[in-house]
Amino acid sequence: MKLVCPDCGEQKKLLYPADNLADRIFEGVYFDVDENGNVTQQPDDEAYLQQFNMPKFLQQARKDVAKGTELLCPTCEEYV
Ligand SMILES: [Zn+2]
């Protein structure tokens, strides 16, 4: 998949808003999405996220990404 923002151009990653999966526990949390559709949590969130079943949530996010869910640009934080 192409990681392009209409305003900012090519990006190294896009952001998946994790509150899609569970709006209360993941409020303000974003996962990184790479050009292969791989979804990973951000290192800064590790301490908070370790209490949750992240393999399950990351797999759900990956499925969402594969279905074409909307992602955000990490530069302008708008949907691309
Ligand atoms: Zn942008």
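## Terms and model

Two strands are said to pair if DSSP finds at least two bridges between them. Helices (H or I, at least four residues) and strands (E, at least two) are DSSP runs, numbered from the N terminus. The model is a predicted one: local features need pLDDT of at least 70, side-chain atom pairs count only at pLDDT 80 or more, and totals for chains, interfaces and linings use all residues. Residues are numbered from 1 along each chain as its sequence is written.

## Overall layout

The secondary structure comprises two helices and five strands, and along the sequence the pattern reads β-β-β-β-β-α-α. Along the principal axes, the C-alpha atoms occupy a box of roughly 35 × 20 × 20 Å.

The radius of gyration is 12 Å, which agrees with the value near 12 Å for a compact globule of 80 residues; the radius is taken over C-alpha atoms, and the globule rule is 2.2 Å times the number of residues to the power 0.38. Of the 80 residues, 21% count as buried. Here a residue is buried if 20 or more other C-beta atoms lie within 10 Å of its own, exposed if 12 or fewer, and partly exposed in between, with C-beta atoms placed from the backbone. Two residues are in contact if their C-beta atoms, placed from the backbone, lie within 7 Å. Among contacts with a separation of 6 or more, 49% join residues 24 or more positions apart.

## The sheet

Strands of a sheet pair through backbone hydrogen bonds, either parallel or antiparallel. In this protein three strands make an open sheet in the order 3-4-5, with antiparallel pairing. Strand 3 (14-17) and strand 5 (39-41) are the edge strands, each pairing on one side only. From one strand to the next the twist averages 40°; angles run from 0 to 180 degrees between N-to-C directions, and axes are lines fitted to C-alpha atoms, for helices over the stretch in contact.

Strand 3 and strand 4 run antiparallel and are joined by four bridges; in this pair Tyr 16 stands opposite Phe 31 of strand 4. Strand 4 (residues 30-33) pairs with strand 5 over three bridges, again in the antiparallel sense, and Phe 31 stands opposite Gln 41 in strand 5. The hairpin of strand 4 and strand 5 has five residues between the strands, and in it Gly 37 takes a positive phi near 80°. Helix 2 (residues 54-66) lies across strand 3, strand 4 and strand 5, and runs at about 140° to strand 5.

## The nonpolar core

A nonpolar core is a set of buried Ala, Val, Leu, Ile, Met, Phe, Trp, Tyr and Cys residues joined through C-beta atoms within 7 Å. The largest one has 14 residues, of which Tyr 16, Ala 18, Phe 31, Val 33, Val 39 and Ala 61 touch the most other members. Strand 3, strand 4 and helix 2 are the elements that give two or more residues to this core. Leaving aside neighbours within four places in sequence, Tyr 16 is in contact with Tyr 30, Phe 31, Val 33, Val 39, Ala 61, Val 65 and Leu 71.

Gln 41 belongs to strand 5 and is buried because 21 other C-beta atoms lie within 10 Å. Not counting residues up to four places away in sequence, Gln 41 touches Phe 31, Leu 49, Met 54 and Leu 58. Gln 41 and Val 29 are twelve residues apart along the chain, and their C-alpha atoms are separated by 8.8 Å.

## Cysteines and the segment after helix 2

Cys 8 sits in the loop between strand 1 (4-5) and strand 2 (9-10). Cys 8 counts as partly exposed because 13 other C-beta atoms lie within 10 Å. Apart from neighbours within four places in sequence, the contacts of Cys 8 are Cys 73, Thr 75 and Cys 76. Cys 8 and Pro 74 lie 66 residues apart in sequence but 9.5 Å apart in space, C-alpha to C-alpha.

Cys 76 is found in the segment after helix 2 and is partly exposed, with 13 C-beta neighbours inside 10 Å. Residues up to four places away not counted, Cys 76 touches Cys 5, Asp 7 and Cys 8. From Cys 76 to Asp 7 the C-alpha distance is 8.1 Å, across 69 residues of sequence. Glu 77 also lies in the segment after helix 2. Glu 77 is exposed, with 10 other C-beta atoms within 10 Å, and has a positive phi of about 60° although it is not a glycine.
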